[in-house]
Amino acid sequence: MNINNLENLNILGVNRIKPRSTFFGYDSLEKAESYNRIFSKGFKLLNGNWKCLYSEYPDNFPDNFFTPEFDDTDWDTIYVPSNWQMEGYDKPWYTNVQYPFPVNPPHVPSLNPSMVYRRKFYMSALDLKNVQYLKFEGVDSAFHVWINGKYIGYSQGSRIPSEFKINDYIIQGENLICVLVHKWNVYSYLEDQDMWWLSGIFRDVYITSEPESHIYDIFAKTSLDETYKNGILDLEVDIINNKNSKDLSIEILLKDKSTDYFLIKENSDLDSSVKSNESGIKKYNFHYEIKNILKWSSETPDLYELYITLKEKDNVLQIVPLKTGFKKIEIKDGIMLFNGKYIMLKGVNRHESHPVYGRSVRIEHMIQDLKLMKEHNINAIRTSHYPDDPKFYDLCDEYGFYVIDEADLETHGFEFVNKRNYLNNLEEWKAAFKDRAERMVERDKNHPSIIMWSLGNESGYGKNHAAMTDYIKDRDDSRLVHYEGETREIFESTDNGLPDRDPESSDVHSTMYTPIEILEKVAKLNFLKKPHIMCENLHAMGNGPGGIKDLWELLYREKRLQGGFVWEWCDHGILRTLENGEKYYAYGGDFGDTPSDSNFVIDGLVNPDRTPSPALAEYKKAIEPIKMFALNSEKTKYEVENRYDFINLNDFICNYEIKTNGKTVQTGYLENININPSKKAQFKINIGNSILNKDGDYYITFSWKIKKNIGLLPAGTELAFHQEKLSINKNTEKTSCNDEIYLKNAPDIFNIVENKNELEISLFNKKIVFDKNTGKISAYYHNGINIFKDGISLNLWRAPIDNDILEIEEFGAKKALNHWKEKCVNLVQHSLRNFKISEKTDDYIVIDVQAEVAPAVLDWGYNVHYKYKIDRKGTVTLNITGKTYGNVPETLPRIGVVMNLDKLFTDVHWLGLGPQESYIDSCSSVKFDLWHKKIEEMHTPYIFPQENGNRHNVKSFSLDSEKNIGIYFESLDNKFDFSVSEYTIENIEKAKHTYDLKKENFLQLKIDMEQYGLGSASCGEETLEKYRLYCKDFEFSFKFCTFSK
């Protein structure tokens, strides 16, 4: 074979053996029970340091580089597994849809970065007596391999395994393996996923040793009978009998993992007359029915241990252990059932991603992801958009996650040339499509966590997908087939954009980012006989998505809508360090990778280091497994709904706490919690009459925590909460300075001095100065320290979030930012029209400021009236009204005020929703309480800087300092939003990375009457109408005063 022939459609692989499942053979039951491959017979892990040589061209390597005699002393060293771009070779390249090379299949660029890897390994005389298999779990994207200078073979398919039999090439003692990896090959056209293009040997490489007669493959297909009580095991065992022995037998053991009880214990002689297939494999089938089986589900991941022992006479040749689970997935009456129960998929799309290692993900990082998911009520994962490392599925089996296993196939870039359904209908590409389905299914077929096979992502729909389905259904009828591309074709084929038929290749309707209004209509189409899931929804890019609660209320309401998968789990930022030592996360374009899709790769629920975003808390709340509803106005009677599908709530404890103004006044807990899955119960609690009859705002918060360790979750983990306001605030607490009681003991000093440019109000230990040219407070002195650096002015702008900036035409979203900038909202100017003292008494002064707030260029604006009332204690009460004129914008980013304060303040306390940031369409996961944070903690460090840190529905807040000076703000409209930051709106808007943010020598404080919602328009539905801020006349009020502690 010509090793440079990377454009040949007829070559899927050379000398690659038939795909099979991942397992390891042991020579004793004790070792097999460890499930540790290190103890398997003859296992040799080839991970570690390899010699390497990089070139930008595939044929630009020295002659005979693959021979043992070649001197590689001067070559670099690279660690395997890794992506070479993460090790300093070539550059990471990010694209979403577009290909980074000309779309002209089968041709690929001649500039095709490649790397040669070399290392030594050792084989014993005993090794040579056994069959040796060399396995690559993942190599991106195509590679050739030699051993001892002899050509072994070739493979492609970056995220699926390749395996070779190597007995004819190895020798006793030292051996040399050489691998040549190419970045591009013809089948790179099938790997256009939304992610970094990263190359190299990025998963494990190892050699397994098996006896001459050995178990080649196993398929443990499980199901349940019609009662869903009894298990069915259809076991297929493939044997290679190189010795043509007639004395082979097989022992099958099925053991209860927790009790060591054997459900199956059977020995069978193998019929030697069974014919071998073309690969020399003999297939044996066994059928078992087991009564009263423990069923596997995401909530009850009960696994059994299956041991298959191959013997020759009484000699144990090989023991293969597998963990298996019994489950049944089916569709009845248009509903997906799992073990006979309706389930809801509360999922995420998960790429393999690490900020340092790229797509080479360590097992500890996999566990970190799964633990976070469990903590946030996630029960399903779509392996977007390729099969994951095989170890990941073992973890999903053990800890309980429903998995959509997705083929390594995406041709999204053909949409740029209007050929979406091009490759998927070409006969010459059919074999490649089927190859990717086969290698995925054969590798992963024994994992109970997998409930669907996915045909890939965003590759149109055509006959080659149908061929994939035919193969999968013929091979494995125990799972469903998923493919969004077929549903998309159906939706787009009708005039009203609604499906008129069920898909044929896919067992489910699957859509992406479907607007709620359309999704609700789809749910009502009773003629459809297949359920609907959203394989991608709620695009988690930057600050957002908003509207999570609204979508999930619909999904729970409509039976045919069986959940969805947030796009996506993790930001794919790559960790980099500036010369000054500052670390940041890079995204598309930061490496000179052009064309690129910029920060569209920063769209996860967690940061690259797995720090959760505020959106993850919102998602957790929307999908929480326990819901409570108050049944009476006194909030003493509640209905509790168990939204788990398979477990009772008796493993939970529910405590409640009643608080007012941050102070706990009563605690308690619910007794005798015993609610079966999918059922409801009612509970009563006793609340003291003194609380119910007392003035003030009281809130009761219920917290649902697990009693004991469950899987990855420690005892005490909170998985659900519920909060209710108990009573209406009857009499606002007397914190104002403008009533007689409050002012009675106020100092008598209340001097007012006015000149041409200033109005000065002097108090006992305070002085407030107005600039009559701007109408703003220019100074507010407390004990000689000026608190104000820039006074209060109307603010309509925010640093745009990703959902303001971007939009996807396909989903009907509009760029809010385009509209706002077309209407020059970002260019508003403030012009003073009138400044006067309208009232003055011994106790207070009223100042009226009339201003016009309008943009340059255009003819619309606001006539704004600031009414300041300042009393002898220095409390400022501010009422702001605005009336529009002219051709106003349809919507605005916000209506509020902005001011700059001295940086002496270090802490903030607030009475309102917290602790994390919240917005009008993203506030279900926060609780009403008295909260405290350092001011720097109020900033959410989005990788692409944008509006952040808002606290929604706040009654009051104070800024505190170490100098015992504070300033207190209180809403006079019962609530407002606020944020405080060391960064200005302008700075955040201009910044492209966190290192572009420059801390000011003041704090910028924003108080908002209202702010435009977050939405999901960066890829999906724009902000729901009820959360949009329409340009309108307004009025809002608040008061503030400084104080000494």
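Predicted model: local features only at pLDDT ≥ 70, side-chain atom pairs only at ≥ 80, totals over all residues.

Entry 1. The charged end of Arg-118 sits over the ring of Trp-75, and I get 5.9 Å to the ring centre. That counts because the cut-off for the distance to the ring centre is 6 Å.

Entry 2. I looked up Arg-362 as well. Its charged end sits over the ring of Tyr-357, 3.8 Å from the centre.

Entry 3. Next I went to ring against ring. How many aromatic pairs does the structure hold? I count 62. I picked Trp-50 and Tyr-117 from the list: their ring centres are 6.2 Å apart and the planes stand at 85°, so I logged the pair as edge-to-face. Trp-50 belongs to strand S3 (residues 48–55) and Tyr-117 to strand S6 (residues 114–123), so this pair ties together parts 67 residues apart in sequence. Buried or exposed, these two, Trp-50 and Tyr-117? Both are buried.

Entry 4. Then I checked Trp-910 with Phe-978. This aromatic pair is edge-to-face too, with 6.3 Å centre to centre and 65° between the planes. I found Trp-910 in strand S54 (residues 905–914) and Phe-978 in strand S58 (residues 976–981), so parts 68 residues apart in sequence are tied together by the pair. Trp-910 and Phe-978 are both buried.

Entry 5. I followed the ring pairs onward from there. They link Trp-910 and Phe-978 into a cluster whose members include Tyr-780, Phe-788, Tyr-862, Phe-957 and Phe-969. Also among them are Phe-976, Phe-1034, Phe-1036, Phe-1038 and Phe-1040.

Conventions: Residues numbered from 1 in each chain as written. Heavy atoms only, no water. Phe/Tyr/Trp six-rings, centres within 6.5 Å; stacked < 30°, edge-to-face > 60°. Helix = DSSP H or I, 4+ residues; strand = E, 2+ residues; numbered from the N terminus. Buried < 20%, exposed > 50% of the residue type's maximum accessible area, 1.4 Å probe, protein only. Lys NZ or Arg CZ within 6 Å of the ring centre and 35° of its normal.
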